[in-house]
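Hi,

Here is the structure I promised to pass on. Please open it alongside this note; my findings follow below.

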Amino acid sequence: MSNDLKLYCKIFGERNTGTNFLANCLKKNFHIKLLDDAGLPSAAHQRTFLPELRDRRARAEWREMVSELEHRRTLRSDFGWKHSAPPIQVMRDSEFASSTLFLYLVKHPVSWIMSLYDRDYHNILSKPDDVVAFAATEWVLRPRDNIGRQIVPSPLCLWNEKLRRYRAAIAEFPENSILLRYEDLLTDYQGQMAKVAEHFLRRNDGPHFRLLESSTKKEDLTYEDYQKKNERKMMDCPLELLDIVDQFIDSDLAESFQYRVSDWRKAIQKQQKIAE
């Protein structure tokens with residue numbers, strides 16, 4: 001086992017896939033050094049600069065500018081922004097890659113687009129009034145997305161591009177890469193943490209891995225709350241959204257991650273019949 005131990009851990013995952021949730025689960029259970037971009041300066045630091053920017057758009061642009069700088073600053077040391085497509089060439093060239101466990105966190109495209117609609121991080125376009133229209137609206141990419149394109153016809157194209165790159169990175173570094181699905185963290189937490197346990201020393205010797213007792217976000221949610229929230233998404237999902245997801249998602253790619261839109265369609269139709 002000692003030969004499998006890693007010094008560092010790098011999480012890659014799209015916005016709203018649970019990267020903060022996973023990071024805090026790891027820190028609660030393992031002696032682990034997480035690599036990440038530093039993100040925005042502290043709130044106090046921001047207050048020093050932002051009072052001069054009265055316009056809301058100007059403030060958002062300033063934050064984006066700093067985020068881009070932070071991505072470039074940490075690219076060679078910490079592999080950059082956690083939401084970016086993995087910088088495979090940087091990883092090849094890095095002297096730290098062999099000492100790093102790369103975790104790739106993914107989420108079902110339907111629940112992901114619903115989460116992105118609720119929290120459309122880094123979206124610079126006006127957000128439509130409903131999730132169906134949002135899923136069919138263009139999305140402007142940031143340079144740090146590392147996709148090589150400036151705009152895509154739907155945020156779901158972003159999901160496609162990132163998962164393609166995750167798959168390529170896993171193939172490039174199979175010995176120190178682990179794929180985790182957000183849904184599996186909520187249904188098989190112990191099993192998913194056990195995968196990581198092969199590479200880091202545990203903080204406790206008990207038979208079970210520790211659960212989060214509070215949220216990584218402002219809602220102060222427990223692990224059980226996350227489970228219920230994920231289940232409610234299926235109940236709240238309009239059938240029209242599934243048609244949009246089917247239109248934009250690469251179905252073969254989704255299937256390779258064991259994701260099917262048809263599973264959601266069957267479950268929603270079943271719920272509707274019960275409601276009748």
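**Helix α7 and beyond**

The buried residues of α7 are Pro155, Leu156, Cys157, Leu158, Trp159, Asn160, Glu161, Lys162, Leu163, Tyr166 and Ala169. Bear in mind that this is a predicted model. The helix has 18 residues. From first C-alpha to last, α7 reaches 26 Å, close to the 26 Å expected at 1.5 Å a residue. Its N-terminal end is capped by Ser154. There, a side-chain oxygen of Ser154 lies 3.0 Å from the backbone nitrogen of Leu156.

Asn176 sits between α7 (155-172) and β6 (177-181). Is Asn176 buried or exposed? Its relative accessible area is 7%, under the 20% cut-off, so Asn176 counts as buried. Leaving aside residues up to four places away in sequence, Asn176 touches Lys6, Ala97, Ser98, Thr100, Leu101 and Phe102.

Now the helix pair. The axes of α5 (residues 109-118) and α11 (residues 239-248) come within 10 Å. They cross at roughly 110°. That falls in the 65 to 115 degree range, so α5 and α11 are roughly perpendicular to each other. On the α5 side, the contact uses Pro109, Val110, Ile113 and Met114. On the α11 side, Leu241, Leu242 and Val245 meet them. By class, this contact has seven nonpolar residues, no polar and no charged ones.

Finally, α5 is mostly covered, with nine of its 10 residues buried. Those buried are Pro109, Val110, Ser111, Trp112, Ile113, Met114, Ser115, Leu116 and Tyr117.

Best wishes

Technical notes. Residues are numbered from 1 along each chain as its sequence is written. This is a predicted model: local features need pLDDT of at least 70, side-chain atom pairs count only at pLDDT 80 or more; totals for chains, interfaces and linings use all residues. Side-chain values use heavy atoms; hydrogens and water are left out. Helices (H or I, at least four residues) and strands (E, at least two) are DSSP runs, numbered from the N terminus. Buried means under 20% relative accessible area, exposed over 50%, partly exposed in between (1.4 Å probe, protein chains only). Contact means heavy atoms within 4.5 Å. Axes are lines fitted to C-alpha atoms, for helices over the stretch in contact, and angles run from 0 to 180 degrees between N-to-C directions. Angles under 35 degrees count as roughly parallel, over 145 as roughly antiparallel, 65 to 115 as roughly perpendicular and the rest as oblique. Ala, Val, Leu, Ile, Met, Phe, Trp, Tyr, Cys and Pro count as nonpolar, Asp, Glu, Lys and Arg as charged, and the others, Gly among them, as polar. The expected span of a helix is 1.5 Å times one less than its number of residues. A polar contact is a pair of N or O atoms within 3.5 Å; within protein, one must be able to donate a hydrogen and the other to accept it, and residues adjacent in sequence count only if both atoms are side-chain atoms.
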